[in-house]
Amino acid sequence: MPRNAPRVKRPWRRSEAAAGRPLATPRGFFLQKKDRAMDQRTRRAMPVLQVRDVDASRMFYERLGFASHGIWTEESSGEAQFCIVQRGDVTLALQLSRAPELARNTHWAAYIYVEDVEALAAEFAGAGIAFARAVEEAPYGCRDFDLVDIDGHLIAFGQDLNVDEHGPGLGAEKGKG
């Protein structure tokens, strides 16, 4: 390396062990060379919604077709503190708010992509779920609707009208510019 060449800061550093040994990461984990590329991938997101009553919120989301994947409770009181609900590939967390007042979303708390927005809207209407905004085509290439959960979170359900191989909302040219 030339004497005045800038040093490149690398996110992973070679351990002092011999070549071919695992690479040390900043957090002390070790990755084999073949696994380094996989480390940068993300798997999924799980919005965490602050709620007043975890059990009541869980029951609301169950009316929307979500299944509960467990409730975590406070040991001393037995009060529900946290719950994970899932419908298809969508996972939401419901966490008991520690604040006396819930923060109000003025925009979406979550946007959930679906395959058939009309069918889902009919399902929700049949279950007596009120909509904050009826199904409509939006200028961003989706057909969607909104509802407000029992804690005031605005949740959108939408169908991408221009799906490509990257998936809903993830077109190669979208988000650039």
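Guide: Before we start, one term: two residues are in contact when they have heavy atoms within 4.5 Å. Also, this is a predicted model.

Visitor: Okay. Among contacts between residues at least 6 apart in sequence, how many join residues at least 24 apart?

Guide: In the protein chain, 47% of them do.

Visitor: And what is the secondary structure of the chain?

Guide: Three helices and 10 strands. From the N terminus, the order is β-β-α-β-α-β-β-β-β-α-β-β-β.

Visitor: How much of the chain counts as buried?

Guide: The chain has 177 residues, and 31% of them count as buried. The exposed surface comes to about 12300 Å². Carbon and sulfur atoms supply 51% of that surface.

Visitor: New topic. What is the mean pLDDT?

Guide: The mean for the chain is 79. A value of 70 or more is reached by 71% of the residues.

Visitor: Which elements have the lowest and highest mean pLDDT?

Guide: Strand S1, residues 23-24, has the lowest, at 43. Helix H3, residues 117-126, has the highest, at 97.

Visitor: Where does pLDDT stay under 50?

Guide: Over residues 5-31. For that stretch, the model has 30 contacts beyond four places in sequence.

Visitor: Let's talk charges. How many salt bridges does the structure hold?

Guide: Eight. In general, side chains of opposite charge can pair when their charged atoms come close.

Visitor: Which residue does glutamate 123 meet in a salt bridge?

Guide: Arginine 87, at 2.9 Å from N to O. Glutamate 123 sits in helix H3 and arginine 87 in strand S5, residues 80-87, so this pair ties together parts 36 residues apart in sequence.

Visitor: How exposed are those two, glutamate 123 and arginine 87?

Guide: Glutamate 123 has a relative accessible area of 37%, so it is partly exposed. Arginine 87 is partly exposed too, with 26%.

Visitor: And what does arginine 143 pair with?

Guide: Glutamate 118. Their closest N and O atoms are 2.7 Å apart. Arginine 143 is in strand S9 and glutamate 118 is in helix H3, so the bridge links distant parts of the chain, 25 residues apart.

Visitor: Are arginine 143 and glutamate 118 buried, exposed or partly exposed?

Guide: Arginine 143 is partly exposed, at 25% relative accessible area. Glutamate 118 is partly exposed as well, at 39%.

Visitor: Which residue forms a salt bridge with arginine 133?

Guide: Aspartate 146, with the closest N and O atoms 3.0 Å apart. Arginine 133 is in strand S8, residues 133-137, and aspartate 146 is in strand S9. The two are 13 residues apart.

Visitor: Buried or exposed, that pair?

Guide: Both arginine 133 and aspartate 146 are buried. Salt bridges with shared partners also join Arg133, Glu136, Asp144 and Asp146 into one network.

Visitor: Last stop, aspartate 149. Where is it found?

Guide: Aspartate 149 is in the loop between strand S9, residues 142-148, and strand S10, residues 154-160.

Visitor: Why does aspartate 149 count as buried?

Guide: Its relative accessible area is 4%. Buried means under 20%, so aspartate 149 qualifies.

Visitor: What does aspartate 149 touch?

Guide: Leaving out residues up to four places away in sequence, aspartate 149 touches Leu49, Phe60 and Tyr61. The side chains of aspartate 149 and tyrosine 61 are also joined by a polar contact of 2.7 Å.

How values were computed: Residues numbered from 1 in each chain as written. Predicted model: local features only at pLDDT ≥ 70, side-chain atom pairs only at ≥ 80, totals over all residues. Heavy atoms only, no water. Helix = DSSP H or I, 4+ residues; strand = E, 2+ residues; numbered from the N terminus. Buried < 20%, exposed > 50% of the residue type's maximum accessible area, 1.4 Å probe, protein only. Polar contact = N/O pair within 3.5 Å; in protein donor to acceptor, adjacent residues only side chain to side chain. Areas by Shrake-Rupley, 256 points an atom, 1.4 Å probe, with all protein chains shown as cover. pLDDT = per-residue confidence, 0-100. Salt bridge = Lys/Arg side-chain N within 4 Å of Asp/Glu carboxyl O.
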